Amino acid sequence: MEKGKGVMGSRKWAVDFTDNSSSPSTRDIPDPPGFTRASQDQDDSAMSRQKKDAEANWKSQKAWEVAQAPFKNLLMMGFMMWMAGSTVHLFSIGITFSALWQPLSALQGVGKVFEPYKDSKVDLLAPKLLFIALNLGGMLLGVWKLNTLGLLPTHASDWVSSLPPAHEVEFSGGGIALH
Amino acid sequence: MPKMKIIAILPVLMFLLLIVPSFSLFEDQVGFMDWHQRYIGKVKDAVFHTQKAARKRVVVSTHENVIASLDLRRGDIFWRHVLGPNDVVDNIDIALGKYVITLSSEGSILRAWNLPDGQMVWESLLPGTKSSKSLLVVPANLKVDLDSPIFVYSGSCLHAISSIDGELLWKTDFATHGIDVHQLILPSASAVVHAVGVTDLSHFHTYEVGVMSGEILKHTTASFPGGVYGEILPVSNDRFVALDASRSVLVIISIQNGKTHLQQTHVSDLIHGSSRDTVILPSKLSGIFTVSTDTCIAFIKVTDEGKLHVMEKVDNKVVVSDALSLSEGEQAFALVQHGDSKIHLSVRLVHDMSSNHLKETVEMDHNRGFVHKIFINSYVRTDRSNGFRALIVMEDHSLLLLQQGEIVWSREDGLASIIDVTTAELPVEKIGVSVAKVEHSLFEWLKGHVLKLKGTLMLATPDELVEIQKIRLRSSEKSKMTRDHNGFRRLLVVLTKAGKLFALHTGDGRVVWSSLLQSLRSSEQCSQPTGLKLHQWQIPHHHALDNNPSVLVVGRCGSSLSSATAMSIVDAHTGKEVQNMVPTHSTVQVIYLPFTDSTEQQLHLLIDADNRAHLYPKTPEAAEIFQRESANVYWYSVETEAGILRGYGVKTKCNLDEYCFEARNLWSVVFPSESEKIIATVTRKANEVVHTQAKVIADEDVMYKYVSKNMLFVATVSPKASGPIGSATPDEAVLAVHLVDTVTGRILHRMTHLGSQGPVHAVLSENWVVYHYFNLRAHRYEMSVIEIYDQSRAENKDVLKLIVGKHNLTTPVSSYSRPEVMTKSQSYFFTHSVKAISVTSTAKGITSKHLLIGTVGDQVLALDKRFVDPRRSLNPTQAEKEEGLLPLTDALPIIPQSYVTHAFKVEGLRGIETVPAKLESTTLVFAYGVDLFYTRLAPSRTYDSLTEDFNYALLLLTIVALVVAIFVTWVLSERKDLQDKWR
């Protein structure tokens with residue numbers, strides 16, 4: 001139903017009724033009579049600040065939760081890897097590659113994951129770092145698994161196994177007299 | 001196993017998991033990529049058997065020691081026995097009309113074979129007292145107590161043997177008389193055997209021996225001071241003819257009334273003119289004998305009064321057959337005269353010598369050369385007259401049957417004695433094929449695949465199954481005359497003992513061309529030439545693509561090492577002799593240098609008996625290339641009699657010849673003659689390709705192979721143990737093996753096997769050598785392996801340095817740097833004795849190797865090299881198991897499925913040649929002896945291609961079905977979407 005979505009999206013519209021500006025001088029239209037901006041501000045400010053704080057708190061809490069999510073993943077992956085064993089076959093290779101791919105795709109989408117929790121008051125750096133660290137940990141786990149499977153070129157044998165024999169300077173031929 | 005590679009071959013591994021593993025063949029795959037041809041060799045003697053109404057046949061014995069019964073109508077082999085190289089057939093005959101009697105091994109073994117099926121009926125050993133000629137007489141109708149005796153003279157004894165069961169009836173020793181018997185004659189209707197012989201070459205003796213008990217009844221003697229040359233031949237029952245020692249006087253010996261008369265006649269009186277090289281030909285004509293001189297052949301009649309009378313003289317190129325008895329005491333014989341691409345066959349009757357009874361002219365391929373032998377046989381025509389058929393043996397060892405002026409059949413039996421083998425590429429396919437052909441082949445192709453599909457789906461009827469099998473065997477692809485992508489189609493160029501070159505197509509084994517080389521035929525400059533070696537001369541790849549590939553044939557005129565050389569260069573596509581050289585120098589060794597000139601001709605060095613090197617081709621360009629490289633060119637000689645290895649380098653040019661170089665002796669290895677005798681040497685094949693210098697062992701450790709083309713394996717035994725097995729005690733027998741560097745003469749490794757002896761068969765490849773010998777203490781054959789590793793490179797283990805390329809692994813190496821080596825070896829018992837060992841070779845050397853072992857049963861066994869690994873241990877660790885190391889066993893397994901010759905035998909197996917195909921996984925194997933066998937092997941299975949019988953039609957059908965399914969489901973889903981939207 002993608003086509004339908006596109007049509008609906010173009011039809012969307014919205015009016016923003018909120019007005020957060022505090023100084024009247026910046027506006028062209030004068031305030032209506034009997035409307036005192038100061039009193040309203042004073043009235044609502046406490047309440048809205050509280051609200052905002054709560055929201056920020058909630059956002060940061062959520063961000064931390066999201067940042068910690070890969071940890072569970074990490075544990076599960078570790079279990080799966082332990083199950084897969086250390087011989088090269090379809091299952092172990094599949095798991096290892098997914099263990100490598102998941103963190104990689106997660107790292108690519110770091111910005112997107114934390115977008116809903118973007119707030120001027122919320123410091124997203126720490127959760128982001130944690131998220132990245134955990135994902136890197138997952139990736140390391142994958143690499144380690146790859147190594148235990150023996151698929152990483154970390155030995156001398158991996159670099160010389162296809163080295164052709166060295167050229168010989170001398171040539172010699174001969175043998176028993178032909179008869 | 002290298003880990004990097006795993007990733008690359010992973011899809012292949014996965015694919016292989018889906019295929020049912022099978023090393024051996026299925027029944028219906030026989031003949032699909034292999035072929036087998038049976039031969040008998042050059043015919044020495046032939047006996048016809050055509051009397052009965054049964055199938056007409058001819059029994060032959062050959063120089064390859066084969067006795068065979070051939071179908072006279074088609075030339076097929078009814079049955080055949082190969083007696084082996086030490087059991088030379090002396091005589092054959094037919095007894096009682098049902099047994100073939102053969103006398104072999106210098107007259108010491110007499111055997112009877114059942115004529116219809118070739119089963120052996122009996123065998124008698126006739127131990128003699130002194131070696132002598134061996135004579136066999138099978139009387140046609142002599143009965144002694146319901147038995148027909150066979151008379152054999154061998155080992156200076158006359159034996160009478162029952163033809164029914166081979167029992168010895170009696171034996172008379174002539175050694176005590178000191179007489180050398182030349183002829184046994186059995187006059188018809190008498191109970192005596194006449195034995196004619198000489199003592200001290202100056203006394204004639206005739207004995208009459210009773211057939212009943214073997215006592216000597218009568219003995220006459222006469223002295224002849226002139227001596228005897230050659231044999232005494234019978235002219236009639238009481239007359240013999242001999243030649244005196246000076247070869248100029250004919251002696252007629254006649255026995256009358258118990259007395260011997262001699263009558264001498266000068267050959268020059270009978271045959272006017274020259275009379276050198278006189279020989280009396282054994283022709284068995286009654287009353288007539290044949291004398292051959294250097295100018296002519298004369299038929300001489302002995303009249304009743306003892307007078308000699310020359311009946312006819314013919315050219316000495318004429319070949320005369322033995323006499324054939326016809327009905328009513330008539331005798332016939334045949335003469336063959338060679339004309340220009342024709343042969344003239346004439347049959348004459350003894351009573352009427354003046355005219356030809358029969359004269360026929362037969363067209364003959366000039367590549368068959370001259371007629372060497374003729375055997376005739378008669379049959380009765382419908383009009384009751386006599387017809388004749390002639391079996392002729394040609395110069396190229398082929399066998400032909402002539403009847404009524406036509407060649408009824410021919411057999412290429414020269415292929416039974418192959419000297420050397422090489423291969424040549426076929427021409428590249430020309431673009432531009434006619435449309436009709438494509439349509440036809442497309443239709444055929446489709447039909448074939450539909451049939452195959454039916455077979456796969458088990459829908460085919462038995463008739464169709466037969467048709468499928470036929471299509472598979474006859475697939476036109478495999479016998480095409482063009483190069484194929486996989487390199488399976490090639491020409492096997494073989495040189496035979498007759499000096500004939502054959503090109504066999506690997507697809508079906510047919511002879512593409514054959515050519516009797518002019519340089520290897522007897523001529524005035526070159527008498528009795530023999531072929532020595534066959535090399536690839538020109539292999540067009542990049543530069544000279546328009547040229548055909550060509551091969552170099554090197555031969556020798558005469559038998560001594562210092563005789564002159566005969567050389568030919570032959571076009572490998574047409575069989576034409578491009579160049580024909582008769583250089584004056586001798587040849588003891590041909591060295592194939594790893595250099596080519598601008599027309600891609602390979603440079604060759606021919607070493608002569610005086611240790612001078614002659615460069616070929618004789619062009620200034622080749623000389624320049626050689627001069628540039630000559631500082632690094634060495635050669636060596638192995639003198640087996642003296643027990644010396646000598647190494648040489650180039651010193652200077654010879655005095656006059658631009659292309660001749662003097663040698664400089666650089667080193668010698670002398671084996672002490674009292675303790676070591678060289679029995680075998682082997683080197684790596686010049687064209688072998690090694691993929692890598694590193695061997696990855698368990699735990700990703702690495703060992704560096706000592707890969708050198710200049711390594712020679714030498715096996716020596718103590719002189720006492722150089723005889724056959726059993727001639728020495730275990731304490732006397734010592735087998736020593738050496739690995740020698742042939743540039744510097746350095747002995748890289750030496751090992752002794754106490755209590756072991758030869759014969760040694762060995763193969764050297766990459767960095768290992770496998771050899772086969774007999775262990776006298778264990779009373780079993782053994783196979784040992786030596787692997788040699790380079791210790792000077794062992795430090796190259798730092799990954800970082802390897803990554804940045806800081807290592808000395810690719811720098812050129814010199815033998816003078818004396819690298820330190822380390823060897824590993826192990827011995828295993830092996831059940832069979834061995835006739836030849838070879839190893840598979842592939843294009844890039846990546847595929848694992850199999851040893852090809854020619855067993856005593858004349859079969860070829862493929863043995864995985866992993867079984868002869870020196871690192872096998874009793875309890876391999878997990879890592880070693882992963883590497884593919886097998887647990888140690890004391891004997892090598894012989895798996896019946898791994899016989900590459902499956903049900904066939906390559907009788908008289910002499911050699912196994914392997915040639916890499918272009919496809920890395922595959923190697924072409926050609927085994928030759930009296931028989932020929934060719935097959936294709938994939939030691940690690942065909943991991944790089946689909947099998948030949950892969951069902952492309954099924955694949956196509958599946959793809960089409962899938963595409964249709966995708967289309968249909970897409971349409972359906974579109975329709976459903978639309979309905980959903982309207983809802």
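Colleague: Which residues in α3(A) are buried?

Modeller: This is a predicted model. In α3(A), the buried residues are A:Ser92, A:Ile93, A:Ile95, A:Thr96, A:Ala99, A:Leu100 and A:Pro103. Buried means under 20% relative accessible area.

Colleague: How do you know how the span of α3 in chain A compares with the expected one?

Modeller: Helix α3 covers residues 90–108, which is 19 residues. From first C-alpha to last, α3 of chain A reaches 27 Å. At 1.5 Å a residue, 27 Å is expected, so the span is close to expectation.

Colleague: Why is B:Thr278 called buried?

Modeller: The relative accessible area of B:Thr278 is 0%. The cut-off is under 20%, so B:Thr278 is buried.

Colleague: Where is B:Thr278, and what is it in contact with?

Modeller: B:Thr278 sits in the chain B loop between α2 (267–270) and β22 (279–281). Beyond neighbours within four places in sequence, its contacts include B:Tyr229, B:Leu243, B:Arg247 and B:Val291. Contact means heavy atoms within 4.5 Å.

Colleague: What makes β41 and β42 of chain B a pair?

Modeller: Pairing needs at least two bridges. Strands β41 (residues 565–571) and β42 (residues 577–581) of chain B have 4, so they pair. They run antiparallel. B:Ile569 has B:Gln579 of β42(B) as its bridge partner.

Colleague: Which residue in that hairpin takes a positive phi?

Modeller: B:Gly575 does, near 85 degrees. The hairpin of β41(B) and β42(B) has 5 residues between its strands.

Note on methods:
Residues numbered from 1 in each chain as written. Chains lettered and ligands numbered in written order. Predicted model: local features only at pLDDT ≥ 70, side-chain atom pairs only at ≥ 80, totals over all residues. Heavy atoms only, no water. Helix = DSSP H or I, 4+ residues; strand = E, 2+ residues; numbered from the N terminus. Buried < 20%, exposed > 50% of the residue type's maximum accessible area, 1.4 Å probe, protein only.
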